[in-house]
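Trainee: Could you take me through how helices pack in this model, with the terms spelled out as we go?

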Amino acid sequence: MGERQIDIKKELEELKKKAEGVFSRHRGAAGPSVPGAGLFGDLGEPRSPRALQEVVPGEATPFAGGAFYRVLAGADAVWPDAGTFHREYLEALGNPFFPAAPGFAALKPLKAACPERVCYLDIETTGLRMSPLFLVGLMYTSAREDGARLVVDQLFARDYSEEETVLRFLADLLPRFDILVTFNGISFDMPYIQERVTVHRFPLAKPPTHVDLLLVARAVVGGRTPNHRLQTLEAHFCGRKRVGDIPGAEIPQAYHDFVRTRDAKDMANVIHHNRLDLVTMLQLVTVFLSRES
Amino acid sequence: MEVTKFLKKVQVEDFYKGQIAHKHTIPTRAARFGDLDPPLPEKLAKLLKGTGIEKLYVHQVEAVKNLRSGKDVVIVTSTASGKTLCYNIPVLSGLIEDPEARALYLFPTKALAQDQLRVLQRYMGPKGIRFEAGTYDGDTPASSRRKLREEAKVLLTNPDMLHSGILPNHAKWANFLSRLQYVVIDEIHTYRGIFGSHIANVMRRLDRIAAHYGAHPVFAASSATIANPGEHAEKLLGRKIKVVAEDGSPRGRKQFLFWNPPTIDIGEMERRSSNIEAAELVTKLVLDDVQTIAFVRARVVSEVITRYTREMLGKHRASMKDSVHPYRGGYLPEERREIERRLFSGDLKAVISTNALELGIDVGALHASVIVGYPGSIASTWQQAGRAGRGKEEALTIFIPYNTPLDQYLVSHPEYFFGKSPENAIIDPGNPHILMAHLRSGAFELPLEVKEVETMGEFAPAILELLEDEHEVKFLKGKWYWTGKGYPSADVNLRNISPNVYTIVNEKDGAKVIGTIDETSAFQQVHPQAIYLHEAETYFVNKLDTDKKVAFVEPTNVDYYTQSITEVQVKVDREEKAKDWRISKVCFGDVSVTSLTFMFRKIKFGSRDSIGYGKCDLPPQILETAGVWVVPPQEVFAEVRRHGRVPGEGLLGLSNVLREVTPLYVMCDPLDIGTTVNSRSTDSPAVYLYDKYPGGLGFSLKAYDLVEEIMAAALELIMTCPCSHGCPSCVGSPIPPFSQLDPEAGAKGMIPDKEAALVILHAFLQKEPYMPKAVERARNEAPAPERPKGKALPIELQGKLRAELRKKRVK
């Protein structure tokens, strides 16, 4: 019995090394050249179940009597060129230019905002309504002495029972921000979060301003793209095509499978999918508010 | 009304041929009032005074007192005894004390919810109590739903909507649910069998969700008279309940007549048409200015009797034709509201209704009720009788039997009816099939906790284990979480009826929809070439589109209506298990029950004769379900034949008894199972019992295991039944197989052979062989021949012959 356990440990150790090798090959991932499978994807058929920690390094975070799994990273640790596109983003927010078309009006609050008080949000759920959510992805600018830095902050419930703590942590975090940026968040993400918070019976204070990029895209992109889905806009404006990304419709089942088997193999894909959604939103704002657009 | 005067008048008319076969008088009962302590809020007392209520009856006081002190109550008092007030008072006074309190009212039908909303609206307005109330059902437009969720203090809905609309979206209702003070559940006697077992589970789901949001509402239930109101309410609501049954409302004298249409032939076998007799009586009542409700079993009969009544009234005064109207399911809601309104205002003098008006829709004070044909249960008959008479006024109920063996049995045995307790309501919330549906729905709504599951019946943990195997739930840290796909409550229809509803479209009037009809009835009633009756007018059915679910009709002026003929066959699809039970073989497995409407008959109005036939070319309707069947050995049949009796008749009688007895053992309503005799899949006739539910709900399976107990109970029931030749309580079935047909226009049938059933059961159970009574010439056979007419005897010859006889006697 004891020997067998050591074996597993060894095996995990090896897997981790292997994974890290893959990570380093994929670094430099965010720009147009990014392979869409992402940082952790496409690791080949695993020989044994993957632990979460192993495929998505993060930290078990105790909060409000419960716990959840927090994947907090600087964007530059995910995408080597994050510094560049973050700078472009800050420049777009800071310059005095504002596009004249009325469809852009909703973006106006971003111009006056302090970048640290703007938060990008995207959630992953187990259904279309009244089912637990399991991932709240946030992206925001964090000010430090050595300059501003873009941060990806993902709150992950390792099983259904951790949803409440994820939401409580979110409720604790949100008041830091003045502006929330989402894609379809007015009809989906925020009502969904509100519904889940109601089920867990605690209040949620939302940032006073909510910019929904889907509404902006509908107004300003019009017929230039065949539809206004985020990935269509991503291909059109960011020149990025996702390869090997997990389709949104498969995410609930992948999560249920993870909870049942504890095999995290698909969770890396889901986490990365969520990150790509977040970074695409940020890049769309950059494009919309840049002079060249 | 002046009943005595009316009856006196009727009895001297030519029309009267001694129809009154039995007269039962229900004596006057004086009102008994009580005092509330603490008294009602002044505002409410004033409002009630405004509607003419100064004092409360003892049952109202008892109900209000208990409800206000937080005790759950079931109110079981007579129709029109002021049951509604029993729960409206605590709800309204609760709203005066806390304007943010909420109440949820559940009614079995949308129409009842709308009716009760009108009642509540009497208390609203600038002088009344300020609160919002509204109905919430499938017809509520999406735009109003949000407003209702946020603003309604009293929400009137139905259990179906609670199950599929409110509970699965409880977060949207969190505000409403967290302030829920009262839950009113009206007419709980309708929640029986499969439907009731579902509702019991829905109520448990409501309870846990309300508790989740911190609310512990008080439950107020009401029921018509059934044998077991307290037990039923406790099972339904899963809690101890106080029964309030002491009726303090006053009652005028009520005459309950059994009115048998007169015989019209010498053999006294044929009787005058009961439909015409009913029309005749309604006409007389209307001419006497007595507002009347007639209850019929089938929709077509409500149309036919209306037509006859209109003709009779039209002879008196053309304008009176419009004072009688049919009322039934299948009419458009606005049409029904209009009839209810006209009835309430007194503009309508008579309504010919199906049991659609049996439930408590408030149509004001009706003076007489006419029950045409036995409604199938004692409870239902009393409900219908209760529709006549309000307060202290004298009232009349007339039961007109059909010339069928069962109805005639009731007329000749009034003690059967007046001495018998109403039926039991049976539910089984723990039925594994039903429970599984609600464990899935419940886990979706909120993870199920161990202590909850422990109260959900012995099978709950095993069902959850099965669901976990199927990846629909996951047990995690002491709770079961939903991990399945979709919305489990959408998979469950609480009512055992096809959700398919056909519309009936008048092609000649801009394709206007004139009514609706459920799928099963559509095949039987609006097949091509059928005459569909709507508001007593004839419509010809041009086409029945089974894909689009539309029947295309056009008005036509013909003097006949149609009645379809449907054949039901049961067939074994797969025998799953079999055993030798004493001398017989008992099997369980998949069966399909096929109903085929293959032809129809044209019936001339005013007669009962067919004037023509037609063929129907419709696909069969197939119910695939589970069944149990008993195959008796040949020697049993031989024994029945030795006594000069027909084995099939005995088996048929036995199958009727099984439908009465089995529900007690398998926990369902008699309407949830079917029984029949068939020899298609077996070498000799077998008795079948099947679940009337696609795929089966476990009733037949239980019956398979309990065959000995059930057969012994069947034997005991027949042996102890005091009737001589079979009656509705034993081998006769109170519910006809096609209850949507006009009982006058079909075969009359006969009560199956009680003695043959006894021979069979004694043999089955290996008792001493039963010695049946000698076969009598059944009274129902052809009349004895009349004496032939020959040549008269000459008077002299007569004298001679008589003298000859006298001489012989002396010797």
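Trainee: At roughly how many degrees do the axes of helix 11 and helix 12 of chain B cross?

Mentor: This is a predicted model, in which local features need pLDDT of at least 70, side-chain atom pairs count only at pLDDT 80 or more, and totals for chains, interfaces and linings use all residues. Residues are numbered from 1 along each chain as its sequence is written, while chains are lettered from A and ligands numbered from 1 in the order in which they are written. Helices (DSSP runs of H or I, at least four residues) are numbered from the N terminus, and axes are lines fitted to C-alpha atoms over the stretch in contact, with angles from 0 to 180 degrees between N-to-C directions. For helix 11 (residues 274-287) and helix 12 (residues 299-316) of chain B, the axes come within 8 Å and cross at roughly 50 degrees.

Trainee: Which handedness has the crossing of helix 11 and helix 12 of chain B?

Mentor: A crossing is left-handed if the near helix is turned anticlockwise from the far one by less than a right angle, and right-handed if clockwise. By that convention, the crossing of helix 11 of chain B and helix 12 of chain B is right-handed.

Trainee: How do helix 17 and helix 19 of chain B lie relative to each other, and what is the term for it?

Mentor: Helix 17 (residues 432-445) and helix 19 (residues 460-469) of chain B pack at about 60 degrees, their axes 10 Å apart. Angles under 35 degrees count as roughly parallel, over 145 as roughly antiparallel, 65 to 115 as roughly perpendicular and the rest as oblique. Helix 17 of chain B and helix 19 of chain B are therefore oblique.

Trainee: Which residues of helix 19 of chain B make the contact with helix 17 of chain B?

Mentor: Residues are in contact if their C-beta atoms, placed from the backbone, lie within 7 Å. From helix 17 of chain B come B:Pro432, B:Leu435, B:Met436, B:Leu439 and B:Arg440. On helix 19 of chain B, the contact is made by B:Ala460, B:Ile463, B:Leu464 and B:Leu467.

How values were computed: Helix = DSSP H or I, 4+ residues; strand = E, 2+ residues; numbered from the N terminus. Contact = placed C-beta atoms within 7 Å.
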